[in-house]
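Please read these notes with the structure open beside you. They are numbered so that each point can be checked in turn.

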Amino acid sequence: MANFADISYVTFENGVKLVGELRNCPNCNSLFLKTNLRDVCENCYKTEQKQFDVVYNFIRKSENRMATMDQIVTATDVDEDLIIKWIRSGKLRVAGLPNLGYPCDSCGTLIQKGSVCPNCATNIKQDLYKAEEEKRRIQELRKKDRTYFLEGNKRK
Ligand SMILES: [Zn+2]
Ligand SMILES: [Zn+2]
């Protein structure tokens with residue numbers, strides 16, 4: 001949880017103010033200003049940019065259009081987690097790259113956006129609907145029970 005001491009403002013020469021929180025970089029543990037645009041320190045960000053370019057240039061080639069995650073990791077030497085992060089955030093566009101994606105949180109099918117595949121999304125929606133129905137049914141039953149109880153009391 002952030003407290004006031006963590007919040008920092010950086011004012012650039014052109015007057016642009018950046019608000020962020022001082023955090024330890026998840027990669028190298030050095031202190032940096034975390035913003036909505038930056039989730040690692042400057043050094044790691046630069047390294048990450050270089051790695052991104054390598055991956056981007058690799059998948060851009062038409063002969064690599066069918067490449068799988070494993071093939072890309074082997075060819076570029078970039079961490080799978082990092083590539084998945086880029087796909088999830090939309091930084092790395094994978095439309096037109098049928099074999100590239102990350103596993104659905106629920107069943108493990110390869111997906112390219114969101115956190116679950118369309119199938120699981122439908123199932124989850126149905127489950128939610130069923131749960132809602134069940135809740136309503138129980139509430140109805142309880143209401144009836146109370147009515148009987150009150151009427152029973154009246155008759156006494
Ligand atoms: Zn770092
Ligand atoms: Zn799924």
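1. In which hand, left or right, does helix 1 cross helix 2? The crossing of helix 1 past helix 2 is right-handed. A crossing is right-handed if the near helix is turned clockwise from the far one by less than a right angle, and left-handed if anticlockwise.

2. This is a predicted model, in which local features need pLDDT of at least 70 and side-chain atom pairs count only at pLDDT 80 or more, while totals for chains, interfaces and linings use all residues. Residues are numbered from 1 along each chain as its sequence is written, and chains are lettered from A and ligands numbered from 1 in the order in which they are written.

3. The protein has 4 helices and 5 strands. Read from the N terminus, the order is β-β-β-α-α-α-β-β-α. Helices (H or I, at least four residues) and strands (E, at least two) are DSSP runs, numbered from the N terminus.

4. Of the 156 residues in the protein, 10% count as buried. A residue is buried if 20 or more other C-beta atoms lie within 10 Å of its own, exposed if 12 or fewer, and partly exposed in between, with C-beta atoms placed from the backbone. Contacts between residues at least 6 apart in sequence were also examined: 20% of them join residues at least 24 apart. Two residues are in contact if their C-beta atoms, placed from the backbone, lie within 7 Å.

5. The largest nonpolar core has 10 residues: Val 55, Ile 59, Ala 67, Ile 72, Ile 83, Ile 87, Leu 100, Tyr 102, Ile 111 and Cys 117. Helix 1 (42–60) and helix 3 (80–89) are the elements that give two or more residues to this core. A nonpolar core is a set of buried Ala, Val, Leu, Ile, Met, Phe, Trp, Tyr and Cys residues joined through C-beta atoms within 7 Å. In soluble globular proteins, nonpolar side chains tend to be buried together.

6. Ile 83 is one of the core residues. Apart from residues up to four places away in sequence, Ile 83 touches Val 55, Met 69, Ile 72, Val 78 and Leu 92.

7. Back to the helix pair. Helix 2 covers residues 69–76, and helix 1 packs against helix 2 at an angle of about 125 degrees, with the axes 10 Å apart. Axes are lines fitted to C-alpha atoms, for helices over the stretch in contact, and angles run from 0 to 180 degrees between N-to-C directions. Helix 1 and helix 2 are therefore oblique to each other. Angles under 35 degrees count as roughly parallel, over 145 as roughly antiparallel, 65 to 115 as roughly perpendicular and the rest as oblique.

8. Which residues meet where helix 1 and helix 2 are in contact? From helix 1 come Val 54, Val 55, Phe 58 and Ile 59, and from helix 2 come Ile 72, Ala 75 and Thr 76. The residues of this contact are 6 nonpolar, 1 polar and no charged. Here Ala, Val, Leu, Ile, Met, Phe, Trp, Tyr, Cys and Pro count as nonpolar, Asp, Glu, Lys and Arg as charged, and the others, Gly among them, as polar.

9. Val 73 also lies in helix 2. Val 73 is partly exposed, as 17 other C-beta atoms lie within 10 Å. Leaving aside neighbours within four places in sequence, Val 73 is in contact with Val 78 and Glu 80. From Val 73 to Ile 83 is 10 residues in sequence and 8.5 Å in space, C-alpha to C-alpha.

10. Asn 29 sits in the loop between strand 2 (17–24) and strand 3 (31–34). Asn 29 is not a glycine, yet has a positive phi of about 75 degrees. With 9 other C-beta atoms within 10 Å, Asn 29 is exposed.
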